[in-house]
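Here is a short report on one protein chain.

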Amino acid sequence: MARTGRPRAFDKEEAISKAMVLYWEQGFESTSLAQLKEVMGISSASFYAAFGSKEALFKEVIDRYKRSYGQVTDCLTDTSITAKEAIEKALRQSAKMQTDSDHPSGCLLVLSASVCSDKNNHVRDLLSYERSLIRSRLEACIRRGQEEGNISDSADAAALCAMYEAFMYGISTQAKDRVSHSKIDLAVTQIMKVLEI
């Protein structure tokens, strides 16, 4: 006899965490609804009732990522340390996080929708927006350092920002290629020399 009544309750936060890992491993487009439901351990009815759609779930995943792993760049707004220290801390924490074997390698904001079909441009745009927020904080940090006098004010802040951002997001590729944390950490030491006055 079939069971009737309310669907089995599930832990929404745990389900989002499991979905985050799947999206991080496979990217948005390659992750199917069936895979999500399986890894989250929920029925279609529960999925749609809790999240509404694959894209709505992805937005919740991005929010979770920003509140957890993505906090590695929050130090860029920390005015209790110098701008130079904040940039170095962000790079070193990012390198450590992206190469940590406890979760998929690389950065979810970089890897999960870097290549999408045109029908998912809105997903790519969402991630582009999230990266633009980090870019803004990084450039503001560089400008603060120039005002404080610990970063040369003759350097172009936007160009420095582009260089450090490219380095930070390039860690994703190196992490996927299993370049060790120690090598990337040494590279951070080298790139920080650019800011020496």
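## Annotated region

Where does UniProt place the feature "DNA-binding region"? The record, an unreviewed entry, puts it at residues 32–51. The model shown here is predicted. In it, residues 32–51 are 75% helix and 0% strand.

## Nonpolar core

The largest nonpolar core holds 55 residues. Met-40, Leu-57, Ile-87, Leu-91 and Tyr-164 touch the most other members. The top contributor is α8, with 8 residues. Domain 1 (12–65) and domain 2 (71–195) both give residues to the core, so it lies between them.

Take Tyr-164 as a probe of the packing. Setting aside neighbours within four places in sequence, Tyr-164 is in contact with Ile-87, Leu-91, Leu-138, Ile-191, Met-192, Val-194 and Leu-195. Two of these partners, Ile-87 and Leu-91, are also listed with Tyr-164 among the core residues that touch the most other members.

## Largest pocket

The largest pocket has a volume of about 220 Å³. Its lining counts 17 residues. Closest to the pocket centre are Gly-70, Thr-73, Leu-109, Ile-134 and Arg-137.

Which elements give two or more residues to this lining? They are α4, α5, α7 and α8. Of the elements, α7 gives the most, with 4 residues.

Technical notes:
Residues numbered from 1 in each chain as written. Predicted model: local features only at pLDDT ≥ 70, side-chain atom pairs only at ≥ 80, totals over all residues. Heavy atoms only, no water. Core = buried A, V, L, I, M, F, W, Y, C linked by side-chain atoms within 4.5 Å. Buried < 20%, exposed > 50% of the residue type's maximum accessible area, 1.4 Å probe, protein only. Domains from an automatic or database assignment. Contact = heavy atoms within 4.5 Å. UniProt positions renumbered as here; feature names shortened; annotations may be inferred. 1 Å grid on protein atoms, 1.4 Å probe; cavity = no way out; pocket = protein on both sides within 12 Å on 5 of 7 lines; lining within 4 Å. Points joined across faces, edges and corners; volume = space filled by probe spheres on them.
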